[in-house]
Amino acid sequence: MARDSCLARVGTGIAVGGAVGGAIGAVYGTFEAFKYKIPGAMKIRYVGQTTLGSAAIFGLFLGAGSLIHCGKSY
């Protein structure tokens, strides 16, 4: 079985981090929107911003971790 290239590993890390971060951000954003009683359609915007922000941060860190591990052989 051929080893994956470094670029494929980093891409997979970014995708998985984005998915996990998006899910966590959506839950957390929804919770905060109701906790702070954000009015009407502003809830949708707030949840969207929280989701995208969390997805970007988690994706960045998981991608960076994957990049760091590319050079290591186990």
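This is a predicted model: local features need pLDDT of at least 70, side-chain atom pairs count only at pLDDT 80 or more; totals for chains, interfaces and linings use all residues.
## Overall form

The secondary structure of the chain consists of two helices and zero strands. The radius of gyration is 16 Å, well over the 11 Å that the globule rule gives for 74 residues, so the chain is more spread out than a compact globule. Along the principal axes, the C-alpha atoms occupy a box of roughly 55 × 15 × 15 Å. Of the 74 residues in the chain, 24% are buried. Among contacts with a separation of 6 or more, 73% are between residues 24 or more positions apart.

## The two helices

Helix 1 (6-35) has 30 residues and reaches 42 Å from its first C-alpha to its last, close to the 44 Å expected at 1.5 Å a residue. Its buried residues are V10, G13, G17, G21, G22, G25, G29, E32 and A33. Helix 2 is part of what covers these buried residues of helix 1. Just after helix 1, K37 adopts a positive phi of about 55°.

In helix 2, the buried residues are V47, T50, S54, A55, G59, G63, S66 and C70. The cover over them includes helix 1. An α-helix has 3.6 residues a turn, so residues three or four places apart point the same way.

The UniProt record, in an unreviewed entry, places the feature "transmembrane region" at residues 7-31 and 51-70. In the model, the span of residues 7-31 is 100% helix and 0% strand, with its end C-alpha atoms 36 Å apart. Residues 51-70 are likewise 100% helix and 0% strand, and the end C-alpha atoms of that span lie 28 Å apart.

## The disulfide

How many disulfides does the model contain? The count comes to one disulfide. This bond joins C6 to C70, with an S to S distance of 2.3 Å. The pair links distant parts of the chain, since C6 lies in helix 1 and C70 in helix 2, 64 residues apart. The torsion about the S-S bond of C6 and C70 is about 105°, so the disulfide is right-handed. As to accessibility, C6 is partly exposed, with a relative accessible area of 33%, whereas C70 counts as buried at 18%. A disulfide is a covalent bond between the sulfur atoms of two cysteines.

## Selected residues of helix 2

The table sets out their relative accessible areas.

| Residue | Relative accessible area | Class |
|---|---|---|
| R45 | 53% | exposed |
| Q49 | 46% | partly exposed |
| S54 | 19% | buried |
| S66 | 18% | buried |

Which residues does S54 contact, leaving aside its neighbours within four places in sequence? S54, which lies in helix 2, is in contact with G21 and G25. Both of these glycines are among the buried residues of helix 1. S54 itself counts as buried because its relative accessibility of 19% is under the 20% cut-off.

S66 is also found in helix 2. Its side chain reaches the backbone oxygen of L62 at 2.9 Å. Not counting residues up to four places away in sequence, S66 touches R9, V10 and G13. Of these, V10 and G13 are listed among the buried residues of helix 1.

R45 has its place in helix 2 and is exposed because its 53% is over the 50% cut-off. The C-alpha atoms of R45 and A33 are separated by 9.7 Å, and these two residues are 12 residues apart along the chain. Q49 is likewise in helix 2. From Q49 to V10 the C-alpha distance is 24 Å, and the two are 39 residues apart in sequence.

Key
Residues are numbered from 1 along each chain as its sequence is written. Side-chain values use heavy atoms; hydrogens and water are left out. Buried means under 20% relative accessible area, exposed over 50%, partly exposed in between (1.4 Å probe, protein chains only). Helices (H or I, at least four residues) and strands (E, at least two) are DSSP runs, numbered from the N terminus. Contact means heavy atoms within 4.5 Å. A disulfide is a pair of cysteine sulfur atoms within 2.5 Å. A polar contact is a pair of N or O atoms within 3.5 Å; within protein, one must be able to donate a hydrogen and the other to accept it, and residues adjacent in sequence count only if both atoms are side-chain atoms. UniProt positions are given in the numbering used here, feature names are shortened, and annotations may be inferred rather than shown by experiment. The radius of gyration is taken over C-alpha atoms; the globule rule is 2.2 Å times the number of residues to the power 0.38. The expected span of a helix is 1.5 Å times one less than its number of residues.
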